[in-house]
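Open your viewer and get ready to click around. We'll hop from one spot to the next, and at each stop you'll hear what to select and what is there.

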Amino acid sequence: MKVVLFCGGYGLRMRAGANDDIPKPMAMVGPRPLIWHVMRYYAHFGHKEFILCLGYGAHHIKNFFLNYEETTSNDFVLRGGRTELLTTDIADWTITFAQTGIESPIGERLRRVRHHLDGDEMFLANYADVLTDAPLPEMIDRFSRRDAGASMMVVPPQSSFHCVELGQDGLVGGITPVSDLPLWENGGYFVLRQEIFDHIPEDGDLVADGCAQLAKRGRLVAHRHRGFWKPTDTVKERAALDEAYARGDRPWAVWERKRAGTGVSA
């Protein structure tokens, strides 16, 4: 199944300064950028055809893959001055690099790569900066058995703030962590059918327009995930993921898990 990744935004909250023009998906977590971690997740489950919706800083993403160093994240043997890889990351990936505009909303970016989907009934879509350990095959299977136009992964609110209940006299009646409220946030992992294009207008948004219209028609389903899920909207969030990676605490790296009883990476 093809995977559409939205990686053309400015990512202003991730900037280290005025001279920093690195797009957010290229922010590093360990030895690889965020976009690689997201793509590696999908590839682990067998989805290795990617369509990158490029925009701001596209040359950074292109150069990364054009000059990709397999030895950075794979074991190899150096024999007679020649490198022999023992494993590979992207050798069997197909990546389409599509310029979708600098200012384009997410929905418009999707519209502009529709022809690359070859009319596939179903496809996957995601932001290129959100990491998770969600069971993707289960998500796809549940959606494939539903008569719906789109599936959206949802997660509990991530805010560390508290909601305060106030009485008319100004007295506090209760304090509740936002994360404990019966609310769900868009988690960014989508399974879509071609029907989604019927509800995204020119310069429209995937969620506010496409998904909202499907929801009104009872054709949007949610996959609730309470496991690991981390966005990287800020420098602090990216740094926290980088530190976790260094500690070996990387639950999103499902490809590093061992097959039970074999000691071989899955």
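Before the first stop, one term: a contact means heavy atoms within 4.5 Å. This is a predicted model, in which local features need pLDDT of at least 70, side-chain atom pairs count only at pLDDT 80 or more, and totals for chains, interfaces and linings use all residues. Residues are numbered from 1 along each chain as its sequence is written, and side-chain values use heavy atoms, with hydrogens and water left out.

**Stop 1: the core**

Select Leu52. Leaving out residues up to four places away in sequence, Leu52 touches Leu5, Cys7, Ile35, Met39, Ile61, Phe65, Ile95, Thr96, Phe97 and Ala98.

Leu52 is part of the largest nonpolar core, which has 70 residues. A nonpolar core is a set of buried Ala, Val, Leu, Ile, Met, Phe, Trp, Tyr and Cys residues joined through side-chain atoms within 4.5 Å. Buried means under 20% relative accessible area, exposed means over 50%, and partly exposed is in between (1.4 Å probe, protein chains only). Which residues have the most contacts inside this core? They are Val4, Tyr42, Leu52 and Leu110. Helix H1 (residues 34-44) gives the core its largest share, 8 residues. In soluble globular proteins, nonpolar side chains tend to be buried together.

Now click on Val4, in strand E1. Helices (H or I, at least four residues) and strands (E, at least two) are DSSP runs, numbered from the N terminus. Val4 has a relative accessible area of 0%, so it is buried. Apart from neighbours within four places in sequence, Val4 is in contact with Ile51, Cys53, Leu110, Val113, Leu117, Phe123, Leu124, Ala125 and Asn126.

**Stop 2: helix H1**

Color H1 next. How many of its residues are buried? The count is 10 of 11, so H1 is mostly covered. Among the buried ones are Trp36, His37, Arg40 and Tyr41. Move on past the helix and you'll meet Gly46, with a positive phi near 95°.

**Stop 3: a threonine in a loop**

Go to Thr100, in the loop between strand E7 (94-99) and helix H3 (106-112). Is Thr100 buried or exposed? Its relative accessibility is 0%, so Thr100 counts as buried. Its side chain makes a polar contact with the side chain of Arg109 at 2.8 Å. (A polar contact is a pair of N or O atoms within 3.5 Å; within protein, one must be able to donate a hydrogen and the other to accept it, and residues adjacent in sequence count only if both atoms are side-chain atoms.) Setting aside neighbours within four places, Thr100 also has Cys53, Leu54, Arg112 and Val113 among its contacts.

**Stop 4: salt bridges**

A salt bridge is a side-chain nitrogen of Lys or Arg within 4 Å of a carboxyl oxygen of Asp or Glu. By this rule there are 20 salt bridges. Side chains of opposite charge can pair when their charged atoms come close.

Show Asp233 and Lys24, whose side chains meet in a salt bridge (3.2 Å, N to O). The pair links distant parts of the chain, 209 residues apart: Asp233 is in the loop between strand E15 (229-231) and helix H6 (235-247), and Lys24 is in the loop between strand E1 (2-7) and strand E2 (28-29). Asp233 is partly exposed at 27% relative accessible area, while Lys24 is buried at 13%.

Next, select Glu108 and Arg111, a salt bridge with its closest N and O atoms 2.8 Å apart. Both residues lie in helix H3, 3 residues apart, about one turn of the helix. Glu108 is buried at 6% relative accessibility, whereas Arg111 is partly exposed at 32%.

For a network of salt bridges, select Lys2, Glu49, Asp118 and Asp120 together.

**Stop 5: out on the surface**

Finish with Val164, Leu166, Val172 and Ile175, a nonpolar patch on the surface with about 400 Å² of accessible area together. Patches are made of residues with over 30% relative accessible area and no salt bridge: like charges are joined within 9 Å, nonpolar side chains (Val, Leu, Ile, Met, Phe, Trp, Tyr) within 5 Å. Accessible areas come from the Shrake-Rupley method with a 1.4 Å probe; for residues, only the protein chains shown count as cover. Strands E11 (162-166) and E12 (172-177) each supply at least two residues of this patch. Val172, in strand E12, has 47% relative accessibility, so it counts as partly exposed.
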